[in-house]
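Student: Hi! I've got a new model open and would like to talk it through. Could you help me?

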Amino acid sequence: MNRLVASIKNLNLTAFFITLILPLFLLIPVHYFVQPSMFLAERFFPGTWWIEITALTIYSVWLGQIMAKTGNIGNVRIKYWLFFSFIFFGQFILGLTVNDNFLMSGELHLPIPALIIASPIYRGEGFFMPILLLSTLAIIGPGWCSHLCYIGAWDNWAARKMKRPRKTFSRKQTLILRYLILAFVIIAAALMNYFGASVSVMFISALAFGIIGVFLMLFFSRKLGYMMHCTTYCPTGSLVTLLGKLYPLRVKIDQNSCTACNICSTECRYDALTPMDVKSGSAGWNCTLCGDCLSSCHESSISFSFFGLKKNGWVIYISIIVALHAVFLALARL
Ligand code: SF4
Ligand code: SF4
Ligand code: SF4
């Protein structure tokens, strides 16, 4: 009883309301307006959609409280991010092998983020995923690449195998390379459309692109300690980072309290917080607002600044992310 009273007293109310209301607000209309039902509970046991929504909302509130207070953001973040990825790929495999109720449309798609950009250009249709990506970007900015994408979790996990990141390319080289790859993917998809390349040509090209990505995670991110795949290779990540600059949230470092210990630099797996960035007082280009650096700072010098306002920036942001994560658990599938 005492513990319950203590937990209620320690409740972060901002996080509580956002993580409670947002999943309900987004999921209940999906039940009434989307047919056939998107909810697995409803697909297998008609009439039980509300149980799934309730369970996800409770999960959202629980995780929101943890993320609003945790002293180790990175370790918790990677766990729920990988959990989402397991659910996503688990449904994909079950959909292909056991029952197509686990699939969104029943059509086979390769789960490669580059296809979010390339596929609509090649097909001249199928804009659901780009629209979903852009809508998510409008709500959480580049956080797609640090909390929600079904592939990025693996790159982050691989990079975490090393205690501290070790860079090979300069930031300028990385930037040039990543936007060249983005341009290459767009042009290649447009050419395939123009010349009427067959679906199997597109399929094999996308598969090869995906396999190179896995290779980069295994042999570069894992050995270098930063997310080589996501910060250099993935064209969707390049677009997300670019458009994410329109989002008003920024990582700021208070120069008055910062002791230049650079512990935060070793936490950042996106190569966005070099000692130079720390000195300049803000995170670099690749920042995806993952939040890992926040809890690493013993001086509390790092904050999430929203239009210059620092109070509650992180709590509001992470609460929205956690609510969307719960929504994605219900709806994101191929
Ligand atoms: S960079 Fe690509 S793979 Fe990585 S998290 Fe972003 S969209 Fe996903
Ligand atoms: S961990 Fe904090 S004090 Fe150390 S360099 Fe980073 S911002 Fe400055
Ligand atoms: S600067 Fe901080 S919030 Fe931005 S990517 Fe690096 S660790 Fe994450």
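Predicted model: local features only at pLDDT ≥ 70, side-chain atom pairs only at ≥ 80, totals over all residues.

Student: Great. Into which domains is the protein chain divided?

Tutor: Domain 1 (1-101 + 312-334) and domain 2 (109-248), with bounds from an automatic or database domain assignment. Their C-alpha centres lie 25 Å apart. Domain 1 puts 21 residues into the contact and domain 2 puts in 22 residues, where contact means heavy atoms within 4.5 Å.

Student: What area is buried between domain 1 and domain 2?

Tutor: About 2000 Å², with carbon and sulfur atoms giving 75% of that. Buried area is the accessible area (1.4 Å probe) that two parts lose on being put together, summed over both. On the domain 1 side, Trp 81, Tyr 317 and Phe 328 lose the most area to domain 2, together 31% of what that side buries.

Student: Switching topic: how many residues line the largest pocket?

Tutor: It has 45 lining residues, and Met 104, Phe 128, Met 129, Arg 333 and Leu 334 lie nearest its centre. On a 1 Å grid over the protein atoms alone, a pocket is an open set of points where a 1.4 Å probe fits, with protein on both sides within 12 Å along at least five of seven lines; lining residues have an atom within 4 Å of a point.

Student: Which helix gives the most to that lining?

Tutor: H7, with 8 residues. Helices are DSSP runs (H or I, at least four residues) numbered from the N terminus. Both domain 1 and domain 2 supply at least three residues to the lining.

Student: And by class, what's in the lining of the largest pocket?

Tutor: There are 36 nonpolar, 6 polar and 3 charged residues. Here Ala, Val, Leu, Ile, Met, Phe, Trp, Tyr, Cys and Pro count as nonpolar, Asp, Glu, Lys and Arg as charged, and the others, Gly among them, as polar.

Student: OK, ligands. Which residues surround ligand 1?

Tutor: Among them are Cys 145, Cys 149, Cys 230 and Cys 234, along with His 229; a residue is near if one of its heavy atoms lies within 4 Å. That shell has 7 nonpolar, 4 polar and no charged residues.

Student: What about the residues around ligand 2?

Tutor: They include Cys 258, Cys 261, Cys 264, Cys 297 and Glu 299. By class, 8 are nonpolar, 3 polar and 1 charged.

Technical notes. Residues numbered from 1 in each chain as written. Chains lettered and ligands numbered in written order. Heavy atoms only, no water. Helix = DSSP H or I, 4+ residues; strand = E, 2+ residues; numbered from the N terminus.
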